[in-house]
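Here's a quick briefing to read alongside the structure.

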Amino acid sequence: MDARLIQFHITPKLDGQTEADLRQNPSGFNMEFIAKEKYISENLQGVPQFRREYRHSLNHVVDQFNEYYQWHTEKAAKMKHYGDSFGRLEDLSDATKYLASLLKSEFLVPNELELIDIQIVGQFSVYESGSDTELKKQADQIREASIREMQKKMAARQPVPNQPGQPGRPVAMHFPNREPRA
């Protein structure tokens, strides 16, 4: 076969977001392309990527998309519907459509370099209740404490590496998709 899949991720950065913010809540758009071999190279780890000239072209599209995303997000934040969860979903839908149209007009080559899929990645709230009661005002603190507690429990469940001179611990294995053998 003379074509391969290539995955590419865009993480739009908004004004005021730091690199730490982006690492803590990774979001963005995962794109999957199929391309003929003449468009593909491999990085040092053997992962398929676009050849340099096509990476430059794709980066130009990404820069245009980032400008649009920044402008659209700032504009939407000023509008009444931005607090509405469905408005946010519509904004993501609009951004995805814009990205696809940019790729079609400036990057894709019919029957040689095609876009297969765009997936939205991240944590997107679909309901916000506000903070009109004392209990709701404490929600963020309670959520953070709950997450820390769960992380402690998960860390306690992690097996302790065997120390020199200690016998190995037995391991129980469970394969949920297989029927138990009689």
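This is a predicted model: local features need pLDDT of at least 70, side-chain atom pairs count only at pLDDT 80 or more; totals for chains, interfaces and linings use all residues.

A residue is called buried under 20% relative accessible area, exposed over 50%, and partly exposed in between. Keep that scale handy, because Glu 42, with a relative accessible area of 45%, counts as partly exposed on it.

**Salt bridges around Arg 4**

- How many salt bridges does the model have? The count comes to three.
- Arg 4 and Glu 37 make one of them through their side chains, at 3.9 Å from N to O. That pair links distant parts of the chain, since Arg 4 belongs to strand E1 (residues 3-10) while Glu 37 sits in the loop between E2 and strand E3 (40-42), 33 residues apart.
- Glu 42 also meets Arg 4 in a salt bridge, here with an N to O distance of 2.9 Å. Glu 42 is in strand E3 and Arg 4 is in strand E1, so this contact ties together parts that are 38 residues apart in sequence.
- Put together, Arg 4, Glu 37 and Glu 42 are linked in a salt-bridge network.
- How accessible are the other two members? Arg 4 has a relative accessible area of 25%, so it goes down as partly exposed. Glu 37 is partly exposed as well, at 32% relative accessibility.

**The Glu 112–Lys 38 pair**

- The side chains of Glu 112 and Lys 38 form a salt bridge too, at 2.9 Å from N to O.
- What does this pair tie together? Glu 112 is in the loop between helix H3 (85-106) and strand E5 (113-121), and Lys 38 is in the loop between E2 and E3, so the bridge joins parts that are 74 residues apart in sequence.
- Glu 112 is partly exposed at 24% relative accessibility. Lys 38 is partly exposed with a relative accessible area of 49%.

**The sheet**

- Three strands make up an open sheet in the order E1-E2-E5, and the pairing is antiparallel. E1 and E5 are the edge strands, each pairing on one side only.
- Ignoring direction, neighbouring strands in this sheet are turned by 20 degrees against each other on average.
- E2 and E5 run antiparallel and are joined by eight bridges.

**Ile 118 in strand E5**

- Is Ile 118 buried or exposed? This residue of strand E5 counts as buried, because its relative accessibility is 19% and the cut-off for buried is under 20%.
- Which residues does Ile 118 touch? Leaving aside neighbours within four places in sequence, its contacts are Phe 29, Asn 30, Met 31, Thr 96, Leu 99 and Ala 100.
- Take Ala 100 from that list: Ile 118 and Ala 100 are 18 residues apart in sequence, and their C-alpha atoms are 8.1 Å apart in space.

**A nonpolar patch on the surface**

- Leu 5, Ile 34 and Ile 116 form a nonpolar surface patch, and together they have about 240 Å² of accessible area.
- Where is Ile 34? You'll find Ile 34 in strand E2 (residues 28-36). Its relative accessibility is 32%, so Ile 34 counts as partly exposed.

Key. Residues are numbered from 1 along each chain as its sequence is written. Side-chain values use heavy atoms; hydrogens and water are left out. Patches are made of residues with over 30% relative accessible area and no salt bridge: like charges are joined within 9 Å, nonpolar side chains (Val, Leu, Ile, Met, Phe, Trp, Tyr) within 5 Å. Accessible areas come from the Shrake-Rupley method with a 1.4 Å probe; for residues, only the protein chains shown count as cover. A salt bridge is a side-chain nitrogen of Lys or Arg within 4 Å of a carboxyl oxygen of Asp or Glu. Helices (H or I, at least four residues) and strands (E, at least two) are DSSP runs, numbered from the N terminus. Buried means under 20% relative accessible area, exposed over 50%, partly exposed in between (1.4 Å probe, protein chains only). Two strands pair if DSSP finds at least two bridges between them. Axes are lines fitted to C-alpha atoms, for helices over the stretch in contact, and angles run from 0 to 180 degrees between N-to-C directions. Contact means heavy atoms within 4.5 Å.
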